[in-house]
Structures are given as C-alpha cells and as structure tokens.
Amino acid sequence: MSGYEQSYAAWRADPEAYWARAAQAIDWIRPADKVFDPEMGKFGRWFAGAQCNTCWNCVDRHVQNGRGDQTALIWDSPVTKSVRRYSFAQLLDEVGALAAVMQDQGVTRGDRVIIYMPMVAEAVFAMLACARLGAVHSVVFGGFAAHELSARIDDATPKLVISASCGLENTRIVEYKPLLDQAIADATHKPASCVILQREAHRCEMVTGRDVDMAEAVAQAKEQGRRPDCVPVEATDPLYILYTSGTTGQPKGVVRDNGSHMVALHWAMENHYGTRPGDVFWAASDVGWVVGHSYICYGPLLQGCATVVFEGKPVGCPDAGVFWRVIQDHKVNALFAAPTAFRAIRKEDPQGEQIGKYDLSQFRTLFLAGERSDPDTVKWAQSKLDRPVIDHWWQTETGWAISGNPVGLGAFPIRLGSPGKPMPGYDVQVLDDDGHPVAPGTLGNIVLKLPLPPSCFPTLWNAPERYQSAYFDEFPGYYATSDAGIIDEDGYVFIMARTDDIINVAGHRLSTGAMEEVITSHPDIAECAVVGVADALKGQMPVGFYVTNSGVQPDPERLERELVALVRQEIGPVAAFKTAIEVERLPKTRSGKVLRGTIQKIADDQPWKMPAAIDDPAILQEIKAVLQNRGYAHQPA
Ligand code: COA
Ligand code: AMP
C-alpha cells in the first residue's frame, strides 16, 4: 500500500504544518519565526527567521550522535584505479581543515567561492567547507570550457576558486588548470586566490602569489588542529548558486537557500528514495549538476547515509559492468542515474550478462531522472535487475523531485513513460497557451501553482527581473516549468518536451541559443539555427544549420570543422556539438522567427504541419533534403 495519497492530502490540508513536521529532522540554531512568510520574496519564504548551518547537519551532528565511525563518503575512481573511504569523523577532519585553508584566504560568510573540479572527494569537501563558513559556492561542471567559466566568475565575483590540475575522461587527461588560468585572464573580476588540488595523473604549474597547493595547506591546517566552527546563517541565506542553461548565452544563476533546502532534501531521502541512516546511496552524476548537489553531496549526508563519488563512465571503465561492480563493492542500496547511462550500458551488454557476475543482494531501487525515461530502457532495466525502476522529474530550479513515486511511503504502481505523481508541496497543473486548464490527458504547458515548496529557488543571482520574466510572467500565479506534458485521469504526470530552446543531451541541459551565439561569432556566418534531434544513445544531439555571408566561398567541410571546434572551445566538450550543415536559407515566419520546432520535427520524422505564418514553404523542403543527405529525416516528402 502506498502512503502517498495520505501524505499528499496532509500537505494539501495544511502545508505549513506538513513542512514544520518535516523540519524537525533538522538541527536548527534558532527556530523559525514563521514556517512560511508569504510577504517575503516572490512567492514567500520558508523558515524565515531561523538560523542553521548545512555543514553541521551533514557532518558534525552525525559525529556528535555517535556515527563518527560510520562510512560517510566513498570515492571510487576506475579511471585512476583508486578507492578511498571516509568515515563521518574523517569527513569532518577534511572539511574542517579545508574550511581553515579557505579562511586563511579571507573567505567569510556570504563570500562566493567557485569550485571547478572533476569527480574527486575534494569537490564535496569544498562544497561542505563553504557551507561551514556560510560562504556561497558555485560549482562549475568540468566539461565547460574557459569562456563559460569566465562568465560565471564575472557573475558570481568569487573571492576564491577551488580547482584541480586535471580530470580524467576515461584515458583522456583534461587539463583543468590552463582552462582556469584562461578564464581568470578573460574575466573582469579577478579572484584573490586559487586553491589547487595537484593530481598525480598530471601536475600543473602554480601561479606564484595566487595559487595555493590544497594538499599542503590542508595538511598544515590539520597539524595545527584548526577547524573553524560552523557559522550560523539565516535559513533564507544562499547556500549555493548553480548556473544552468537559459535561452540565451548568459546562464541563469539558480540560488538555493540553506534551511528549506535541507528540509526538502531530508524529506526526499526518507520518503521518496526510502533510505535510512547507514544506507549507501549512489547518484551516478557529477557535482557540477543539480543531481550532484542534491544527491551526491547534501541529501545522503543529511540523512546519515554514505554517498558514493564515482569518477568514471557507465561504459569503458573498463566495461559495461562497472555500475554493478560499484554496487557490489560498496553495498549500494539505491542508485540514481540518467536514462542515457542505461542506454549506454544496454548498447554494450544487451543481454545484461555483466549483471549476473556481481552480488547485488543489497541493491533495492534504481531511480532515473534528468531526461525522459523511454519505456524501452525502463523495461530493460526492470527485467534485467528485477527491481523497481523509479522515474522522477525535476529541475535545477527546484532541487528535488516535482513528481515521482515515493518508495519510502510505499510506491504506487509504475506507469511506463510517466515520472509518477506530484510530490507533496507541488500543485502541478497543465494549462493551454492562454492559461486555461486543459482536460486530463491533454497536452499543454506544465505549471506549478504558487507558492513553491521548500528548496525551490527564491531568485536568480544578480537577475531578479529575469527571474520574474522567465518563470512567472507567462502564467500569472504559477511557475512555468518550460516543460510540456500531460496529467492523466489518475494523476500521473507525463513530460513530453521542453517548450523553450533548451535541449537535453546525455542528461545534460544545454542551451541551443548559447550555441547559436558562438556559431554566429564566426566571421563567415550570417545566421544559424541549432536544434536538438533525437539520438538513440544521448536522447538528443545538437545539429546546427548555418547560412554563410555573401561572398564566402562555399566549403562546408572546412566550416563544419571550424564551427565544431569553436563550440568546443567556447562552450566545452559537453555541448557534444558535432554537426553543422550549410543551408541556403533558414525557414522563418513572416515576422522573422526561425522555425526551429518544425526543423526538429522534420529531422525526427515526427508529424508536422506547414506553419501558417511561414514566409516561404519551399525552404522546408530544402531543409529536408540537406537533412536526408546527412542521414536524418527518412520519411519521404
Ligand atoms: N570534464 C571534461 N570533459 C567532459 C566532462 C568533464 N567533467 N564530462 C564530459 N566531458 C566530455 C566527454 O569526454 C565528451 O568528450 P568527447 O567529445 O571528446 O568525447 C564530451 O564531453 C561529451 O560528453 P558526454 O555527452 O557525457 O558523452 P560521453 O561519450 O563521454 O559519455 C554517456 C556518454 C552516456 C556514457 C555519459 O554521458 C553519461 O554517463 N551520462 C550520464 C549523464 C548524467 O550523469 N547526467 C546528469 C544528470 S542525472
Ligand atoms: P536540469 O535542470 O538540468 O535538471 O534539467 C531539467 C529538465 O530536464 C526538465 O525541465 C526536463 O525537461 C528534463 N527532465 C528531467 N527529469 C526528467 C524526467 N524524469 N522525465 C522527463 N524529462 C526530465
């Protein structure tokens, strides 16, 4: 039996009482004046007036409560053939010493710190050390290049950057330090110092007077027995800024608070993921994404679980059995991954032969999110693992599941293709373009009725107007998710597509607008459009269409090479931009809007209608012809 209906009804009946009960799981330095203050911020703030410290709740209190010897963090790195384990007491030593090092660099409450690191344990130490000092971290994913890092440095104006000499992408060494140096050189804002983890795979040059060797400084702080106390912060103070793709090249700095974030994540660990203190939880993501923030770092540790930090890929490290090897070796109880990881594993090991080689007896549940879970992949995982496979839907902006299936409350029956039902806290509705509710089963804009629950972003860093215009103007009284979908008669949510220019490549959220800005910066390019076309492995892949300036000698091969290199250099390898196609003209409406949606439908062989406002219908046939040349759009005209 699922306790879901009862729990959702309890939230509906009295949201403040519901979240006040959930908040009892957190240690507060000072209790809230009000569980919810509707006068604060855009839609109100949770736990206003309370004081707390997120690091205390993730680390110190477990040591104080007798869990010091229990494993807190397991770093498993097949790419360096290393495994390290830290108990909660050892985690406290590491985080405390790093906080002392950061204090030496002048970091105090409210200062920003950028963390640009591969998947090493030190990335999590750095996040927690910031939380300990009341500093605001902004983790930048390692697959972003210097230009993206520099934009984040200028927006967040960090006092300090914490980085590493290199990361490892299977056998490829990614030198982080030259990217960091370039980003700082390009940025207007100059961080006062950089704390650098020197890795054995590749050591980097240090800048005298600016760079601090992390290992040396931490060792010294430990020797001196220095461990700054957890700094009390307001529950409504920012814990972190996480930049995510918007419709333009300028990323959006999603702000997360301290207090309500802890309440929501603890609730989710207990009720959605069904974990208990002492369990082992593994989110096979990266600390640079929201999944990494919520479920590699904060969620598991808040709950007193051990978290796995995995530096590797689901395939090729060394084979498609690595996920099962990690689950066996660390007795993982719950795994959270992107569907694309399972598509990659299935491609290499369609019969799931690797699964049988490992002892998965401790493993209870697989959770999928980050992109649409295609029913085929879910069915494959269900049958090969013989365990519940739970899809759930959320966004960087919310920090935790909007819809899901709460294993801790007792899961309800899974409906393939649906990431479950709305979680307590979320009033999910579907509206047509004029803002009217649609009938169950009808496709429309998915919106969340205000107020949003704990953990949802109170603002965008440095961009309150964009916060309002991007999320709240279109449907007054609601938060616009920019996802289109349906809710069926039984309340199951189905997420079908984004309604904006965001695409989802291998579970990574990317802006086609940002890629277009880079492509049009090429001197030969007059205009372009980037669309996400369906890809069997990565879900979507970006494909660019460009028109050259008049007078440019046509040389599509050269231009494709240059444009691919430019996007990789400016945005980073994560953009996975590999295809740029020359066209004579782009299909547009009479008002000049490029018909990206129609191009995408043609490429994906989806049904499409000739847009009424199209300027010249013949252009769509031209696009279809070039797409067919490149192996897309198979349906005859
Ligand atoms: N640092 C530097 N480069 C990185 C990087 C990082 N942290 N992460 C990815 N890249 C590079 C990759 O090496 C690849 O480079 P290439 O073009 O030279 O091959 C490029 O960025 C694209 O990466 P990706 O799209 O991840 O492709 P992949 O072929 O390396 O791996 C999958 C494919 C499916 C195995 C992988 O994407 C995966 O495991 N995805 C899970 C997604 C995930 O965790 N999402 C988070 C939300 S839950
Ligand atoms: P991000 O902010 O990077 O987590 O990306 C959020 C977006 O990913 C959502 O707006 C959806 O478009 C997509 N997404 C995340 N989880 C799911 C899911 N379970 N099903 C369908 N789409 C999802």
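View 1. We start at E5, which is partly exposed with a relative accessible area of 49% (buried means under 20% relative accessible area, exposed over 50%, and partly exposed in between, with a 1.4 Å probe and protein chains only). Please keep in mind that this is a predicted model, in which local features need pLDDT of at least 70, side-chain atom pairs count only at pLDDT 80 or more, and totals for chains, interfaces and linings use all residues. Residues are numbered from 1 along each chain as its sequence is written, chains are lettered from A and ligands numbered from 1 in the order in which they are written, and side-chain values use heavy atoms, with hydrogens and water left out.

The partner of E5 here is K421, and the closest N and O atoms of this salt bridge are 3.5 Å apart (a salt bridge is a side-chain nitrogen of Lys or Arg within 4 Å of a carboxyl oxygen of Asp or Glu). E5 sits in helix α1 (residues 4-13) and K421 in strand β22 (residues 421-422), so the pair ties together parts that are 416 residues apart in sequence (helices, H or I with at least four residues, and strands, E with at least two, are DSSP runs numbered from the N terminus). K421 is buried, at a relative accessible area of 10%.

**View 2. D60 and R132, a salt bridge between two helices.** Here the side chains of D60 and R132 meet, with 2.8 Å from N to O. D60 belongs to helix α3 (residues 54-67) and R132 to helix α5 (residues 121-133), so this pair links parts 72 residues apart in sequence. How accessible is D60? At 9% relative accessibility, D60 counts as buried. R132 is buried as well, with a relative accessible area of 2%.

View 3. The side chains of E122 and R84 come together at 3.7 Å, N to O. Because E122 is in helix α5 and R84 in strand β5 (residues 82-87), the pair ties together parts 38 residues apart in sequence. E122 counts as buried at 12% relative accessibility, while R84 is partly exposed at 35%. Elsewhere, salt bridges with shared partners join K177, D181, R210 and D211 into one network. A search of the whole structure finds 39 salt bridges.

**View 4. Helices α4 and α8, where they cross.** The axes of α4 (residues 88-104) and α8 (residues 214-223) come within 8 Å and cross at roughly 105° (axes are lines fitted to C-alpha atoms, for helices over the stretch in contact, and angles run from 0 to 180 degrees between N-to-C directions). The two helices are therefore roughly perpendicular to each other (65 to 115 degrees; under 35 counts as roughly parallel, over 145 as roughly antiparallel, and the rest as oblique). From α4, D93, E94, A97, L98, A100 and V101 meet M214, A217, V218, A221 and K222 of α8 (contact means heavy atoms within 4.5 Å).

View 5. Y273 lies in the loop between α9 (259-272) and β16 (280-283). Buried or exposed? Y273 counts as buried, at 2% relative accessibility. Leaving aside neighbours within four places in sequence, Y273 is in contact with A268, F281, Y295, F336, F367, H392 and V407.
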